[in-house]
Every structure is written in C-alpha cells, then in structure tokens.
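Open your viewer and switch to a cartoon view. We will go from stop to stop, selecting as we go.

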Amino acid sequence: MIRKWLSFRTLSIALALVLVVTAALKLHLLLTDPFADIKTGTSLPLLWLAVFAEAGVVWIVFSYVPDQFKWLSLVLLFGVMTAVSGYNVIISKSNCGCAGVIEIDPVYLFAFDAFALILAIILRPEFTRQMFTNRFLSSNEIARFAGFSVRAGGFALLHTGPSLALFHSTFLGHDVEAFPVRLGFLKTGETIQCELRLKNHSTDLRRIVGVGKSCTCVVPQELVGASIPTKGELIVEVTVQPKFAGEFHQRVLFYLDSPQQYVVAADLFGRSLEN
C-alpha cells in the first residue's frame with residue numbers, strides 16, 4: 001500500500017534533506033558556541049562524529065551508487081539515531097543536541113527516527129546476491145566512504161581533551177592551562193566553594209580581561225584585571241549552586257590579553273542529587 005504513493009528514492013531524498021538541516025544546525029553550534037557540549041549534554045567528539053555521519057550519508061544518497069547501498073546507509077544511521085533518542089527518552093533527557101541550538105524533546109525525535117526507520121525497511125529496494133558482490137564489494141564508492149569514515153573518526157578524536165591540549169600547546173603556542181575540577185556528589189540548591197587553578201607556563205604575565213560561564217549556577221570571584229604570574233599559578237575561588245539533579249558539567253572561560261591565546265577554559269564535573 002505504501003509503495004503506491006511513496007518510493008524509496010523519494011524517501012531517501014527527503015531523509016537526506018532532513019539530515020542536511022540537522023548537520024548544519026549542529027555544525028553552527030559547534031563553530032559558534034564554546035558551551036556546545038554542555039548545552040547538548042553530548043561530548044564534542046560525538047557531536048563532530050554525528051555531523052560527519054550525517055554528511056556522509058547525504059553524500060551517498062546524492063551520489064551515483066546503487067539504491068541498495070543508499071538503503072543500507074540510511075538504515076544504519078537511523079537505526080543508531082533511534083537507539084540514541086530512545087535512550088534519551090529512558091533517562092528523561094530534555095535535549096540531545098540533535099538539532100543544534102534548537103531544543104527538541106527526545107520523545108518527538110524518537111518517534112520521527114523510528115518512523116523513518118520503519119518506512120525505510122518497508123520500502124527497501126530489491127537485493128540479489130549478484131548485485132551485492134558485483135556492485136557493493138568491488139565498488140570504488142565503498143573505498144571512498146571508508147576513507148571518509150577514517151578521516152571523520154580522526155577529526156573527532158582531535159576534539160578529545162588530551163588531543164586539544166596537545167594541539168593548543170604545540171601548534172598554537174598556548175601557554176596558560178586550566179585544570180578540571182571533580183566535585184563529586186552535590187545537592188541541588190546547596191552552595192559549595194571550590195578552587196580553579198590557572199597555570200602560566202610562559203615568562204610573561206597573562207592578564208584576565210573577561211570571564212564567561214556556561215550557567216548562573218557557577219559564580220567565579222571577580223577577576224577582571226587580575227594577572228597570572230610568570231611561571232606561576234592563579235587560584236580562582238568559585239561558588240557552585242546546582243539547580244537541577246543529574247550530571248553536573250559546567251565551564252568557566254577566562255579571556256586573556258595574550259596574542260597567542262585568546263581564552264582558557266576550566267571545567268567543573270560532578271553529579272547533583274535531589275536535596
């Protein structure tokens with residue numbers, strides 16, 4: 001019945017256009033917001049991998065490859081997306097970041113992903129053994145897609161904490177380092193004090209010209225105009241008051257007057273419980 005008014009070709013193009021929009025929204029968030037991972041509750045490597053995966057599938061849909069290969073790519077991607085959105089529903093996550101800055105209830109995303117997956121399965125193109133061996137395994141497109149996947153994975157790995165720190169210090173000449181703070185278990189509404197350490201590895205003073213934060217629940221002491229001594233450290237007193245129960249991850253940005261390093265980020269981790 002469905003095949004009478006909807007073909008796989010039409011469905012694949014429609015889903016690809018949806019992926020173009022969601023990938024663009026995530027990419028905009030990643031390039032413009034220093035708190036992208038905190039706002040979405042998803043690590044930077046996973047966000048970048050999602051962008052590359054969506055872009056890769058779009059590329060496959062609009063390239064000259066067999067419909068069977070397009071179908072496999074769409075089913076694999078929407079299968080993963082259905083599992084992720086379903087998990088977000090189970091843990092009562094308010095936003096998975098699938099649409100970047102636009103917050104969408106995971107319940108709606110799960111319904112859409114599952115519906116798209118079911119439609120793709122129903123409208124699957126015809127498979128034959130000869131088609132699989134001759135058109136898939138010997139196809140140059142598979143090698144290209146494999147290369148694309150390797151590059152995507154490598155790019156995502158570059159956005160892990162250690163890789164970013166190494167890249168910034170080695171290639172960009174960053175000389176001010178912030179150390180993450182593990183707060184352990186917190187109680188919502190309860191105020192605690194903690195310290196952030198900023199270490200200056202250079203022989204020049206580094207002055208703080210501005211401070212940004214990811215949430216009003218984190219209040220650092222007034223530091224505008226303060227300096228980080230040469231080859232020394234600056235201890236920053238921070239007041240923390242969690243507002244909601246769940247995983248606690250917030251970030252404080254210290255803007256510097258250094259031409260080599262514009263900003264240094266300090267992260268606070270913990271888990272807040274109902275008081």
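How many bridges join β3 to strand β7? Keep in mind that this is a predicted model. Select β3 and strand β7, residues 233–240. Eight bridges join them, and the two strands run antiparallel. Now pick out one pair of residues. Click Gln-193, then look across to β7, where its bridge partner is Thr-239.

**Stop two: the other partner of β3**

Keep β3 selected; its residues are 192–200. Select Glu-177 and find Lys-199 of β3 standing opposite.

Step back to the loop between α9 (161–170) and β1. Show the side chain of Asp-175, then that of Arg-206. The two side chains meet in a salt bridge, 2.9 Å from N to O. Asp-175 lies in that loop and Arg-206 in strand β4 (residues 206–213), so the pair ties together parts that are 31 residues apart in sequence. Are these two residues buried or exposed? Buried means under 20% relative accessible area. Asp-175 has 11%, so Asp-175 is buried. Arg-206 has 7%, so Arg-206 is buried as well.

**Stop four: β8**

Select strand β8, residues 246–256.

Which strands pair with β8? One is β4, in the antiparallel sense, over five bridges. Click Ile-208 and its bridge partner in β8, Leu-256. Another is β9, also antiparallel, over 10 bridges. Here, click Val-252 and its partner in β9, Ala-266. Then trace the chain from β8 to β9: they form a hairpin with six residues between them.

The whole structure has 10 salt bridges. Two of them involve β8 and are worth a click.

Select Arg-251 and Asp-37. Their side chains meet in a salt bridge, 2.8 Å from N to O. Arg-251 lies in β8 and Asp-37 in helix α3 (residues 36–40), so the pair ties together parts that are 214 residues apart in sequence. Both Arg-251 and Asp-37 are buried.

Next, select Glu-247 and Arg-271. They form a salt bridge too, with the closest N and O atoms 2.5 Å apart. Glu-247 is in β8 and Arg-271 is in strand β9 (residues 263–273), 24 residues apart. Glu-247 is exposed, with a relative accessible area of 65%. Arg-271, at 35% relative accessibility, counts as partly exposed.

While salt bridges are on screen, select Arg-9, Asp-67 and Lys-70. Salt bridges that share partners join these three into one network.

**Last stop: a nonpolar patch**

Select Val-89, Val-107, Tyr-108 and Phe-110, and show the surface. Together they make a nonpolar surface patch of about 380 Å². Which helix gives the most to this patch? Helix α6, residues 106–122, does, with three residues. Finish on Tyr-108, which lies in α6. Its relative accessible area is 61%, and exposed means over 50%. Tyr-108 therefore counts as exposed.

Key:
Residues are numbered from 1 along each chain as its sequence is written. This is a predicted model: local features need pLDDT of at least 70, side-chain atom pairs count only at pLDDT 80 or more; totals for chains, interfaces and linings use all residues. Side-chain values use heavy atoms; hydrogens and water are left out. Patches are made of residues with over 30% relative accessible area and no salt bridge: like charges are joined within 9 Å, nonpolar side chains (Val, Leu, Ile, Met, Phe, Trp, Tyr) within 5 Å. Accessible areas come from the Shrake-Rupley method with a 1.4 Å probe; for residues, only the protein chains shown count as cover. A salt bridge is a side-chain nitrogen of Lys or Arg within 4 Å of a carboxyl oxygen of Asp or Glu. Helices (H or I, at least four residues) and strands (E, at least two) are DSSP runs, numbered from the N terminus. Buried means under 20% relative accessible area, exposed over 50%, partly exposed in between (1.4 Å probe, protein chains only). Two strands pair if DSSP finds at least two bridges between them.
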